[in-house]
Amino acid sequence: MKRRTLLIALPALALASCATLTTPPGEVPTGDAWFAIGTEPFWNVEITAARIVFHDAGGRRISVANPGARLSFNGERYVTPQITIDVTHGACSDAMSERRYADTVIVETGGRTLRGCGGRVLPPTHLDGTNWRIISIEGVEPAQGRGQAELRFEGNRVSGGVGCNRLSG
């Protein structure tokens, strides 16, 4: 239900800010767009309420008007003459970066079928070997002006700090 609400609200957000989408293939776009990426071959797609923009590693770019999502089994489907995108809601792992995403994605274009992941980045399944940068606590930036607040998890140890203040345990 939350995803459908977002898809309904997204047109107003996209129309409020017209921007050129120029994210290179294999990189994660930022902003209000929903995004997906794939590796080997590298590609990405950005979907806003107004446009669908696809890039691949060969320099190919497809930019088409967003026809709107058709509801499909556990997801959405976008169909245009140049590109079809199937989004299935369910965890997907990008093996190259080891990031986990909320959606599994299949893109069909130019006679090719490309598979990848998209949507929001999911938290890791375990903390060991992860590094975190704290950007806000209840909407407030921590230790303003003192540097980045960070936490690191290695085995059964935690360390971190901000500026000259450190912690470990």
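**A close look at Thr130**

Tutor: The side chains of Thr130 and Trp132 are joined by a polar contact of 2.9 Å. Bear in mind that this model is predicted. Thr130 belongs to strand S10, which covers residues 130-134. Its relative accessible area is 13%, and the cut-off for buried is under 20%, so Thr130 counts as buried.

Next, the surroundings. If neighbours within four places in sequence are set aside, Thr130 is in contact with Pro124, Leu151, Arg152 and Phe153. Another residue to look at here is Glu154, 24 residues away from Thr130 along the chain. The C-alpha atoms of Thr130 and Glu154 are 7.3 Å apart.

Now the cysteines. A disulfide is a covalent bond between the sulfur atoms of two cysteines. Searching the whole structure turns up one disulfide. The partners are Cys92 and Cys117, with 1.9 Å between their sulfur atoms. The torsion about the S-S bond of Cys92 and Cys117 is about -60°, so this disulfide is left-handed. Cys92 sits in strand S7 (residues 84-94) and Cys117 in strand S9 (residues 112-122), so the pair ties together parts that lie 25 residues apart in sequence. Both Cys92 and Cys117 are buried. Cys164, on the other hand, has a relative accessible area of 75%; the cut-off for exposed is over 50%, so Cys164 counts as exposed.

Note on methods
Residues numbered from 1 in each chain as written. Predicted model: local features only at pLDDT ≥ 70, side-chain atom pairs only at ≥ 80, totals over all residues. Heavy atoms only, no water. Disulfide = S-S within 2.5 Å. Helix = DSSP H or I, 4+ residues; strand = E, 2+ residues; numbered from the N terminus. Buried < 20%, exposed > 50% of the residue type's maximum accessible area, 1.4 Å probe, protein only. Contact = heavy atoms within 4.5 Å. Polar contact = N/O pair within 3.5 Å; in protein donor to acceptor, adjacent residues only side chain to side chain.
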